[in-house]
Amino acid sequence: MIKLQNVEKVYRTSSIETLALNNINLDVKKGEFVSIMGPSGCGKSTLLNIMGLLDEPSKGIIEIGGTRVSSYRDKELAQLRNQKLGFIFQSFHLINDLSVLDNVEIPLLYRESSMKQRRELATEALEKVGLSNRMKHFPKQLSGGQKQRVAIARAIVGRPEIILADEPTGNLDSAMGNEILSILQNLNNDGTTIVMVTHDDAMAKKTHRLIRLFDGAQVL
Ligand code: ADP
Ligand code: ADP
């Protein structure tokens, strides 16, 4: 489902070069739930961003859902990202002056869909995360766990095959963190492939496979 071959990422600023990823080879199968761990600065977010086509590798080959990505022009890349991938971040990234329902509809605005279809799909996604009683609320009226559930609803509203989650429980207490993990596990049981960056050993243990990074390289 996600294949990386000899992927390297170098960040260049005026005077410094940072090798953020060093020859990464990965094959995440359809239906897998994989976690990524490693110390701060080891390249976890860079790896997730490259898998999510948010950032371009300096070298290497990437395949998403059987499609080789390197030769894609920007527009096609955006389309692939929009069709196959859903993103969840540590700090939720909700838009504060939009209601919960409007936040969840955002990814659908890039598709051909009527207002009624958008409403139906967003309502369905909010039901899946147990928030159908908060549709008219605004983000600041929600607890942290509820905000993350809205972000998950937004990630799944377009029915992506893959969810990429960058420390989705990093800002939550452990009870709420476990709630979020069990929502992700339900999505995974329904067939969604998930890659999650985490600092939490107990969470990583509940996934199928752990990838450890150190200084931009995989540790076996
Ligand atoms: P992690 O998510 O594991 O904390 P990151 O992927 O954010 O690690 O960063 C990996 C390395 O790349 C770090 O050394 C970081 O300083 C560097 N880095 C990340 N983003 C940039 C950037 N935009 N420009 C320059 N260096 C960066
Ligand atoms: P938690 O204790 O779970 O962090 P809060 O105490 O922040 O949650 O909120 C409890 C409930 O009240 C939540 O379900 C939230 O949706 C609702 N709520 C919190 N603040 C507001 C508000 N300003 N307006 C409307 N509802 C709110």
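In which strand is Asn-6 found? Asn-6 belongs to strand E1, which covers residues 2-12, where helices (H or I, at least four residues) and strands (E, at least two) are DSSP runs numbered from the N terminus. This is a predicted model, in which local features need pLDDT of at least 70 and side-chain atom pairs count only at pLDDT 80 or more, while totals for chains, interfaces and linings use all residues. Residues are numbered from 1 along each chain as its sequence is written, chains are lettered from A and ligands numbered from 1 in the order in which they are written, and side-chain values use heavy atoms, with hydrogens and water left out.

**Overall architecture**

- The secondary structure of the protein comprises 7 helices and 10 strands.
- The radius of gyration, taken over C-alpha atoms, is 17 Å, which agrees with the value near 17 Å for a compact globule of 220 residues; the globule rule is 2.2 Å times the number of residues to the power 0.38.
- Along the principal axes, the C-alpha atoms fill a box of roughly 45 × 40 × 35 Å.
- Of the 220 residues, 45% are buried, where buried means under 20% relative accessible area, exposed over 50%, and partly exposed in between (1.4 Å probe, protein chains only).
- Among contacts (heavy atoms within 4.5 Å) with a separation of 6 or more, 72% are between residues 24 or more positions apart.
- The accessible surface comes to about 11,400 Å², with 47% of it belonging to carbon and sulfur atoms; these areas come from the Shrake-Rupley method with a 1.4 Å probe, and for residues only the protein chains shown count as cover.

- Lys-44 is placed in helix H1, which covers residues 44-51, and is buried without having a salt bridge.
- The nearest side chain of opposite charge to Lys-44 is that of Glu-167, 5.4 Å away, where Lys and Arg count as positive and Asp and Glu as negative, with His and the chain ends not counted.
- The side chain of Lys-44 does reach the backbone oxygen of Gly-38, at 2.9 Å.
- When neighbours within four places in sequence are left aside, the residues in contact with Lys-44 include Ile-36, Pro-39, Val-197, His-199 and Leu-213.

**Salt bridges**

- The count comes to 13 salt bridges, each being a side-chain nitrogen of Lys or Arg within 4 Å of a carboxyl oxygen of Asp or Glu.
- Glu-17 and Arg-12 meet in a salt bridge at 2.9 Å, N to O; Glu-17 counts as exposed because its relative accessibility is 54%, and Arg-12 is likewise exposed at 58%.
- Arg-159 and Glu-124 form a salt bridge whose closest N and O atoms are 2.6 Å apart, and this pair links distant parts of the chain, 35 residues apart, with Arg-159 in the loop between helix H5 (144-156) and strand E7 (162-166) and Glu-124 in helix H4 (residues 115-128).
- In Arg-212 and Asp-201, the closest N and O atoms of the salt bridge are 4.0 Å apart; Arg-212 lies in strand E9 (residues 209-214) and Asp-201 in helix H7 (residues 201-205), so this pair ties together parts 11 residues apart in sequence.
- Salt bridges that share partners join Asp-102, Glu-105, Arg-118 and Arg-119 into one network.

**Positive phi values**

- Asn-6 is a residue other than glycine with a positive phi, near 50 degrees, and counts as partly exposed at 44% relative accessibility.
- Arg-159 also has a positive phi near 50 degrees, and this residue is exposed, with a relative accessible area of 54%.

Definitions and conventions. A polar contact is a pair of N or O atoms within 3.5 Å; within protein, one must be able to donate a hydrogen and the other to accept it, and residues adjacent in sequence count only if both atoms are side-chain atoms.
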